[in-house]
Structure formats: C-alpha cells, structure tokens
Amino acid sequence: MNKTTLLATAISVSFSLGFFLNSLIYPYKEISSQNINLTDRKLGAFSVSLSVKDLDVSKEFYENLGFTQFGGSLESNYLIIKNESTLIGLFNGMFEGNILTFNPGWDDNAHALKVFDDIRKIQQKLKTIGIEIINPTDETTSGPASFMVKDPDGNMILFDQHL
C-alpha cells in the first residue's frame, strides 16, 4: 500500500470514528443531481488536519485558544477539536505535513446534508479542468469514498465522503 493511500485511509478512518462517536449522523437523503460548476460546489465540512509532535501539548494549546474536543482520543493518537464551526484534526504519527480536508455530505457537526455534490462528480469536474487526482475514487461506485489532490504549492487536499 503506497503512502498516499495509507494516509487517505488513516485520515478517513480517524475522522469517521471521531465524528461517528461524538455526533448523531442522520441518514443519507439525496445527492444533488445538478451539474457541478466552478462557482457552486458543495464540498461539505472543512477541516485542517495537523501533524503534531506532542498531542497533549497541542491539545492544551488549542484548548487555550477556545477549542474543545469533538472526536478522537489521546489513546488513538488523534483528536478532532472544534470552536464554533472551525474544525481541526490533531494527529500524532499518522502522516507527515498538514492536510486540508473536505467532507462532501457533512456539515460541520458531522450531520448529513440533504443536498451535496457526490465525491465522484467533484472528481470528474476536477479532472476535466486538468487537476491531477491522487488515488482516484472508482467512479462506477457509490457511497463512501475519498481522493486527494495537491495544490500548486504541494499542499495536500483530501476529499473524504462518508455517505
């Protein structure tokens, strides 16, 4: 398993467990059948996944900024913390660098959205405009899936759909 696939899987599982254990997830209702255009994408909840050296120290620092634990655990080497609608994932030893994460189908409380752009449609649109997809999702499937892209400066962006 290559590093990118392992990374995407680890983050996906981490966020899924954290959100599942700490919030009520409503059943899937519908996926928007509208065409995706460049200005009207529904990407879902946004968070930043930070690779931290010491989870306890980072937890205390962000608590002092006003964040509270939303998911995860120290024993699992990750925490999902929240302040209003701002989500940050703190991960120790799971990946290198920091990652921007979008969760199509979820709001910032991990509740299912009634209308959202399916990850496969997002992937298709990004491919048509020339963005390279890392570990692409099988577009013939449905339900939970993920893929990654790099921005022009090499920052990793994870699209991670749980519905």
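In the predicted model, Lys 127 has a relative accessibility of 43% and therefore counts as partly exposed. The side chain of Lys 127 forms a salt bridge with that of Glu 139, with a distance of 3.2 Å from N to O. Lys 127 belongs to helix H3, which covers residues 119–128, whereas Glu 139 is found in the loop between H3 and strand S6 (145–150), so the pair ties together parts that lie 12 residues apart in sequence. Glu 139 is also partly exposed, its relative accessible area being 28%.

The search of the whole structure gave 4 salt bridges. Among them is the contact between the side chains of Asp 118 and Arg 120, at 3.0 Å from N to O. Asp 118 has a relative accessible area of 8% and is therefore buried. Arg 120 counts as buried because its relative accessibility is 4%. For both classifications, the cut-off is a relative accessible area under 20%.

A further salt bridge joins the side chains of Lys 59 and Glu 63, where the distance from N to O is 2.6 Å. Both residues lie within helix H2, which spans residues 55–64. Lys 59 and Glu 63 are 4 residues apart, a spacing of about one turn of the helix. The relative accessibility of Glu 63 is 37%, so Glu 63 counts as partly exposed.

Methods
Residues are numbered from 1 along each chain as its sequence is written. This is a predicted model: local features need pLDDT of at least 70, side-chain atom pairs count only at pLDDT 80 or more; totals for chains, interfaces and linings use all residues. Side-chain values use heavy atoms; hydrogens and water are left out. Helices (H or I, at least four residues) and strands (E, at least two) are DSSP runs, numbered from the N terminus. Buried means under 20% relative accessible area, exposed over 50%, partly exposed in between (1.4 Å probe, protein chains only).
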